[in-house]
Amino acid sequence: MSYLKNNLEEVNNIIKEHAVKVSRNPEDITLVAVSKTKPVEMLKEVYDLGVRDFGENYVQELVDKINQLPSDIRWHMIGHLQTNKIKYIIDKVYMIHSVDTLHLAQAISKEAVKRNLTVKILLEVNVADEESKFGLTKENFLENYKEMMNLPGIDILGLMTSAPYIENMEDNRQYFVQLRSLMIDLIDKGLYNKDNYYLSMGMTGDYPVAVEEGATLVRVGTGIFGARNYNI
């Protein structure tokens, strides 16, 4: 599947090009290969090409793949997470991107404390106000963040958004700007005082623009693996 190598090289080159365009260091941006519905053989090939960060949407699929792939992979839970599924992945994932409610954060905190873990999380914000998407709203984000920031067992490291599916990636620039503004606002208010932060934003259709607007994690699936198989 040499096309995987070609696709991966193209994605990495585009990330570098758009980072340099806005005077960013390309090494500050992590490519998360979104591997949902893709067979383990494809993941192994991409792994052999140097990728170590993989993103999955479904708990069962994530657990199945973890058991079949190298232990140095950093697994990112990027899909909607139900509270009753937390226990299956909490000690297996590198980071949970999709913490979209205070209730979910509290449930992760409770399970983490029970297991004496600290779980890296990002807060998902529905900046485009899409009815079909999960996430905190721009309006309730701050009050929820203040409730979450002192929960034990979780480490809030930044924010995540899934922008609308569009034909012109420029249409999503505004949402990436807004997500970064929310993060900067936390810092300005003294509510986030770590040395750095993560912004998980940008997918196959718009990651070049996301890189220009400050993404530190881009989630690319189709651009690497090709179109998804929805029959799985």
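Predicted model: local features only at pLDDT ≥ 70, side-chain atom pairs only at ≥ 80, totals over all residues.
Colleague: How do you know that the span of H1 is close to the one expected?

Modeller: H1 has 20 residues, and from its first C-alpha to its last it reaches 29 Å.

Colleague: Which residues of H1 are buried, and what makes them a face of the helix?

Modeller: The buried residues of H1 are Leu4, Asn7, Leu8, Val11, Ile15, His18 and Ala19. Seen down the axis of H1, these buried residues fall within an arc of 105°, so they line one face of the helix.

Colleague: Why is serine 23 called exposed?

Modeller: The relative accessible area of serine 23 is 70%, and exposed means over 50%; therefore serine 23 is exposed. Serine 23 lies in the loop between helix H1 (2-21) and strand E1 (30-34).

Colleague: What makes the phi of serine 23 worth a remark?

Modeller: Phi of serine 23 is near 60°, a positive value in a residue other than glycine. In general, most residues other than glycine have a negative phi.

Colleague: Is threonine 37 buried or exposed, and how do you know that?

Modeller: Threonine 37 has 9% relative accessibility. Buried means under 20%, so threonine 37 counts as buried. Threonine 37 also has a positive phi, of about 70°, although it is not a glycine. Its place is in the loop between E1 and helix H2 (40-48).

Colleague: Why is the pair of lysine 92 and aspartate 91 called a salt bridge?

Modeller: The N to O distance between the side chains of lysine 92 and aspartate 91 is 3.5 Å. The limit is 4 Å, so the pair counts as a salt bridge. In general, side chains of opposite charge can pair when their charged atoms come close.

Colleague: What makes lysine 92 and aspartate 91 partly exposed?

Modeller: Lysine 92 has a relative accessible area of 34%, and aspartate 91 one of 43%.

Colleague: With which arginine does aspartate 91 form a salt bridge, and which parts of the chain does the pair link?

Modeller: Aspartate 91 forms a salt bridge with arginine 115, the closest N and O atoms being 3.5 Å apart. The pair links distant parts of the chain, 24 residues apart. Aspartate 91 is in the loop between helix H4 (86-89) and strand E4 (95-99), while arginine 115 is in the loop between helix H5 (102-114) and strand E5 (119-124).

Colleague: How many salt bridges are there, and which residues are linked in a network?

Modeller: The count comes to 16 salt bridges. Lys21, Glu170, Arg173, Glu212 and Glu213 are linked in a network of salt bridges.

Methods
Residues numbered from 1 in each chain as written. Heavy atoms only, no water. Buried < 20%, exposed > 50% of the residue type's maximum accessible area, 1.4 Å probe, protein only. Helix = DSSP H or I, 4+ residues; strand = E, 2+ residues; numbered from the N terminus. Expected span 1.5 Å × (residues − 1). Arc of directions from axis to C-beta.
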